Amino acid sequence: MVAEVMSVTARRVRVSAGLMVQVVSMALLGPAPAVAMGILAMVPDALVNRVWRLGALNNMAIFGFIGLIGGVMFELLGGSFGLDRDDTAYALLIPPVSVRLRVESRTRRSDASGPRRPLPPARPA
């Protein structure tokens, strides 16, 4: 929660260490606690940064979903490599999962005009 409240604003974007903390919780605790932490971290964020209710609910849904997806990714990758959370090598899964979640969270957003529309089919030359 502290990582979300202590954010830096650059132009119109707030940047915090919240996703990094949530990724570690996904790895160490699993999907369900990561979902709970993602949702609960948005409450003080909404209060401190004066986010509208709809925006706060949207943030809670997004960070909860990211916690679920990331937690499941850690479970699947750990199982496929035969790693347990107690293994030292399990920590090597954190960077690739973190990068993948960061890329997905940035590319899956919709702009102000609405959700992304599919590209028209390419015309043969």
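**Exercise 1.** What should the 28 residues of helix α4 (residues 53-80) span at 1.5 Å a residue, and how far apart are its end C-alpha atoms?

*Solution.* Start with what we're looking at: this is a predicted model, where local features need pLDDT of at least 70, side-chain atom pairs count only at pLDDT 80 or more, and totals for chains, interfaces and linings use all residues. Residues are numbered from 1 along each chain as its sequence is written, and side-chain values use heavy atoms, with hydrogens and water left out.

Next, the rule: the expected span is 1.5 Å times one less than the number of residues. For α4 that gives 40 Å, and the end C-alpha atoms are 40 Å apart, which agrees. Just after α4, Gly82 takes a positive phi of about 70°.

**Exercise 2.** Name some buried residues of α4.

*Solution.* Buried means under 20% relative accessible area, exposed over 50%, partly exposed in between (1.4 Å probe, protein chains only). Among those that pass in α4 are Ala56, Phe63, Ile66 and Phe74, along with glycines including Gly64 and Gly67.

**Exercise 3.** Is Met37 buried or partly exposed?

*Solution.* Find Met37 in helix α3 (residues 31-48). Its relative accessibility is 37%, so Met37 counts as partly exposed.

Note on methods
Helices (H or I, at least four residues) and strands (E, at least two) are DSSP runs, numbered from the N terminus.
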